[in-house]
Amino acid sequence: MTNAAVIAMSENCPDLLVFRLCIMGRHRPDRITGAPMDEGFGAIVMNCKRLTRLSVSGLLTDKAFAYIGGHGKLIKTLSVAFAGNSDMSLQHVFEGCTRLQKLEVRDSPFGDKGLLSGLNYFYNMRFFWMNSCRLTVKGCGDVAQQMPNLVVEVMKENEGEMDTVDKLYLYRSLAGPREDAPSFVNIL
């Protein structure tokens, strides 16, 4: 995939509501230039002004997420895989995507700082899922402590790593935490 191809798509299909591009393989750049795919995904959110669902993957930097936060004002569902280069990426999304309801992030370098940048936005979201990121039990616990009306579930696949979290599932619930959680799920 190339930035030019994604830009052409955005220019020729400005009425897209949903855009999903799954670039197979971790952190894949533009196939021809070797550049991050920032400009391509930036063009999608800038040119497709009615976009409500976006799935991104590939070599993306904070710049792509600044585009998403700056122009993706109608995005309700965002899926991120193998993308981003710092916690600023999440901060751009939380601050800019004011209608965000569902956020799924996997295999990205986001940690506690990125997670905590969403504290003012979590009550407006239906759920936030993080898998294989750089979260700690302390960071997830801070969210649970500061937002007692949210359910914060953490899952650990590797019992040897005491401080890290493999998966985080954060959601609103009128009924409170579920009572049928399996043993590997810890509700904070």
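I began with Arg 178, which is partly exposed at a relative accessible area of 35%. The model I am reading is a predicted one.

**Entry 1. Arg 178 and Glu 153**

I looked up the charged partner of Arg 178 and found a salt bridge with Glu 153, the closest N and O atoms being 2.8 Å apart. This pair links distant parts of the chain, 25 residues apart: Arg 178 sits in the loop between strand E7 (164-172) and strand E8 (185-187), and Glu 153 in strand E6 (residues 150-155).

Is Glu 153 buried or exposed? I noted a relative accessible area of 1%, so Glu 153 is buried, the cut-off being under 20%.

I then listed the surroundings of Glu 153. Its side chain makes a polar contact with the side chain of Tyr 171 at 2.7 Å. Not counting residues up to four places away in sequence, Glu 153 touches Lys 167, Leu 168, Tyr 169, Tyr 171, Arg 178, Val 185, Asn 186 and Ile 187.

**Entry 2. Other salt bridges**

I recorded a total of 5 salt bridges in the structure. As background, side chains of opposite charge can pair when their charged atoms come close.

One of the bridges joins Glu 39 to Lys 63, with 2.8 Å between the closest N and O atoms. Here too distant parts of the chain are linked, Glu 39 being in helix H2 and Lys 63 in helix H3 (residues 62-71), 24 residues apart.

Arg 50 belongs to the loop between helix H2 (38-47) and strand E2 (53-57), and Asp 15 to the loop between helix H1 (3-12) and strand E1 (18-20), so the pair ties together parts that are 35 residues apart in sequence. Arg 50 counts as partly exposed at 45% relative accessibility, whereas Asp 15, at 55%, is exposed.

**Entry 3. Ser 108**

Where does Ser 108 lie? I placed Ser 108 in the loop between strand E4 (102-106) and helix H5 (112-116). With 4% relative accessibility, Ser 108 counts as buried.

Two backbone oxygens are reached by the Ser 108 side chain: that of Ala 83, 3.1 Å from a polar atom of the side chain, and that of Arg 106, also at 3.1 Å. Leaving aside neighbours within four places in sequence, I noted Ser 108 in contact with Val 80, Ala 81, Phe 82, Ala 83, Ser 132, Cys 133 and Arg 134.

I also took the distance to His 27, which is 81 residues from Ser 108 along the chain; the C-alpha atoms are separated by 9.6 Å.

**Entry 4. Helices H3 and H4**

I turned to the packing of H3 with helix H4 (residues 88-96), where the axes are 8 Å apart at an angle of about 5°. H3 and H4 are therefore roughly parallel to each other, as angles under 35 degrees count as such.

Which residues meet across the two helices? From H3 I listed Asp 62, Phe 65, Ala 66, Ile 68 and Gly 69, and from H4 Met 88, Ser 89, His 92, Val 93 and Gly 96. By class, this contact has 5 nonpolar, 4 polar and 1 charged residues.

Definitions and conventions. Residues are numbered from 1 along each chain as its sequence is written. This is a predicted model: local features need pLDDT of at least 70, side-chain atom pairs count only at pLDDT 80 or more; totals for chains, interfaces and linings use all residues. Side-chain values use heavy atoms; hydrogens and water are left out. A salt bridge is a side-chain nitrogen of Lys or Arg within 4 Å of a carboxyl oxygen of Asp or Glu. Helices (H or I, at least four residues) and strands (E, at least two) are DSSP runs, numbered from the N terminus. Buried means under 20% relative accessible area, exposed over 50%, partly exposed in between (1.4 Å probe, protein chains only). Contact means heavy atoms within 4.5 Å. A polar contact is a pair of N or O atoms within 3.5 Å; within protein, one must be able to donate a hydrogen and the other to accept it, and residues adjacent in sequence count only if both atoms are side-chain atoms. Axes are lines fitted to C-alpha atoms, for helices over the stretch in contact, and angles run from 0 to 180 degrees between N-to-C directions. Angles under 35 degrees count as roughly parallel, over 145 as roughly antiparallel, 65 to 115 as roughly perpendicular and the rest as oblique. Ala, Val, Leu, Ile, Met, Phe, Trp, Tyr, Cys and Pro count as nonpolar, Asp, Glu, Lys and Arg as charged, and the others, Gly among them, as polar.
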